[in-house]
Amino acid sequence: MLAFTVGANTVGGVLDSGLMIVPYLYDQGFTHFRLGYASAIAWVLFLIIFVLSLVNLRVGRAMKEL
């Protein structure tokens with residue numbers, strides 16, 4: 001764990017200042033039992049990764065043709 005989160009009682013440190021999206025998803029789903037909210041976060045994360053992957057594939061194919 002990072003030095004600025006040592007001694008904090010939450011997953012993300014003091015006032016969740018070091019919390020990223022995946023630990024936040026886990027915290028909401030399995031600590032606070034907000035499974036619907038965690039599922040919505042997971043779907044949005046999936047869509048973001050999917051769109052970035054499509055962009056990466058298209059850029060890679062365009063660079064390959066050059």
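These legends accompany close-up views of a predicted model.

View 1. Helices (H or I, at least four residues) and strands (E, at least two) are DSSP runs, numbered from the N terminus. Of the 66 residues in the protein, 15% are buried, where buried means under 20% relative accessible area, exposed over 50%, and partly exposed in between (1.4 Å probe, protein chains only).

**View 2. F33 in the loop between helix 1 (21-31) and helix 2 (35-65).** Have a look at the backbone here: F33 is not a glycine, yet its phi is positive, at about 55°. F33 is also exposed, with a relative accessible area of 65%.

**View 3. L25, a buried residue of helix 1.** L25 counts as buried because its relative accessibility is 19%. Leaving aside residues up to four places away in sequence, L25 touches A38, I41 and A42 (contact means heavy atoms within 4.5 Å). L35 makes a handy landmark: L25 and L35 are 10 residues apart in sequence, and their C-alpha atoms are 9.3 Å apart in space.

**Notes for all views.** Residues are numbered from 1 along each chain as its sequence is written, and side-chain values use heavy atoms, with hydrogens and water left out. As the model is predicted, local features need pLDDT of at least 70 and side-chain atom pairs count only at pLDDT 80 or more, while totals for chains, interfaces and linings use all residues.
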